[in-house]
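Good morning, and thank you for making time for this item.

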Amino acid sequence: MTRRALARIDSGAVERNCRTLKERVGEKTELCAVVKANGYGHGAAVCAAAALRGGATRLAVAASSEAEELRHHFPDVPILVMGAMTEDELRAAVAAGAEVAIWREGFRELCSRAASDSGRRPKVHVKLDSGMGRLGERDPSTLVDLARAVADDGQLELAGVWTHFATADEENDSFMDEQLAAFLPVADQVKTLGPRVAVHAANSAATLRDPATHLDMVRCGVAIYGLDPFQRDPAAQGLEPALQLHSYVADVKRFGLGDSAGYGRTWRAPEDTWVGVLPIGYGDGVRRDLSNNAEVLVGGRRYPLVGTVSMDNVTIDLGPQTDVEPGAPAVLIGPQGPDRILAEEVASRLGTINYEVTCGISQRVPREVED
Ligand SMILES: Cc1ncc(COP(=O)(O)O)c(C=O)c1O
């Protein structure tokens, strides 16, 4: 069935991508599937289920609400909330049986109180800021003290020590190695404080780039969706894109030389031509910066997006002669016939990264899941 805007999600691709990643990290390293932000726009629960089928044994999110939602679908799977939380959010995460990240003594105390009030004993991962400059404790010895306080706290279980890389996706960079070198001695000390402390650092880029980062667990997000953390063709890493963005040609109209399309008349026909109107726009996540700066597949051929992207429509130049008729399927991301448009291509036109392209596909767009 044709829809005005539709995201097709290939859950089998997520499963296969996870299998590929799991094979790369080997038996001793757990794969944690990062499914925050509604699975990078792909659908959190569907992608989490596919990831678990593909060998992931854990899930990670940024927000307590995301953990609560996933807990309904996966009663027994470990879910780590990686982000900062308010007290209410922390209580919700603990009540949902999630594992939590801490890096401040005050937050450990809050966590301990939330644990005793809920009658649960949450698993806690202490975080070192080894150079990302975001969440985490900067001082190694303060972090070890915090880990000791967690280990001595009967309400809490010390379950992990972790950090996050700032430049893993930049090849030829040495900062990731510096971060790893700063993290490992701290991780060794924290590991001695509990019987089962998982050491983890790698995101997708680090996982693909350097086995030395694999440690006890890798936290892969973008790669499980078949998106390339290095912004190239995901196939080079053996990854398959899991998301396609579809629309259709709702109307085809004749334009004379100089006729304009869209708000602000930013495009005028350079000759007599046919223009196709697609009922998809920035209200669906097709960014306005793609105005006069994108291509769309129809009938397996690329056509330029012309004029300004509106909230609900875009226009494409079909050329002076066309056999495209109203109703023709259109693809903004994904394959059609012999050609394809990668999220990486759209991202490069926008001067951004593929993560933002798929996360930006709005709630208005139904997700149709294929196995
Ligand atoms: C702390 C943390 N770990 C892991 C990831 C997964 O990163 P990626 O999607 O690059 O694999 C993220 C995502 O931004 C993150 O914030």
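A word on the basis first. This is a predicted model, in which local features need pLDDT of at least 70 and side-chain atom pairs count only at pLDDT 80 or more, while totals for chains, interfaces and linings use all residues. Residues are numbered from 1 along each chain as its sequence is written, and side-chain values use heavy atoms, with hydrogens and water left out.

Let us take the helices. Two packed helices are described by the angle between their axes and the distance between the axes. Axes here are lines fitted to C-alpha atoms, for helices over the stretch in contact, and angles run from 0 to 180 degrees between N-to-C directions. Helices (H or I, at least four residues) and strands (E, at least two) are DSSP runs, numbered from the N terminus.

Helix α7, residues 140–152, packs on helix α8, residues 175–191, at an angle of about 20°, with the axes 10 Å apart. The two are therefore roughly parallel to each other; angles under 35 degrees count as roughly parallel, over 145 as roughly antiparallel, 65 to 115 as roughly perpendicular and the rest as oblique. The crossing of α7 and α8 is right-handed, that is, the near helix is turned clockwise from the far one by less than a right angle. Pro 140, Leu 143, Val 144 and Ala 147 of α7 meet Val 186, Gln 189 and Val 190 of α8, where contact means heavy atoms within 4.5 Å. By class, six of these residues are nonpolar, one is polar and none is charged. Ala, Val, Leu, Ile, Met, Phe, Trp, Tyr, Cys and Pro count as nonpolar, Asp, Glu, Lys and Arg as charged, and the others, Gly among them, as polar.

Turning to α5 (residues 87–95) and α6 (residues 105–118), we find axes that come within 9 Å and cross at roughly 50°, which makes α5 oblique to α6. This crossing, too, is right-handed. The contact includes Leu 90 and Val 94 of α5 and Phe 107 and Leu 110 of α6. Its residues divide into seven nonpolar, one polar and four charged.

On a 1 Å grid over the protein atoms alone, a cavity is a set of points where a 1.4 Å probe fits but cannot get out, and a pocket is an open set with protein on both sides within 12 Å along at least five of seven lines; lining residues have an atom within 4 Å of a point. Grid points are joined across faces, edges and corners, and a volume is the space filled by probe spheres set on the points.

The largest pocket holds about 600 Å³. Of its 30 lining residues, Lys 36, Tyr 40, Arg 134, His 164 and Tyr 355 lie nearest its centre. Helix α2 gives the largest share of this lining, three residues.

The second largest pocket has a volume of about 270 Å³. Its lining has 20 residues, with Pro 241, Leu 243, Gln 244, Gly 334 and Pro 335 closest to the centre.
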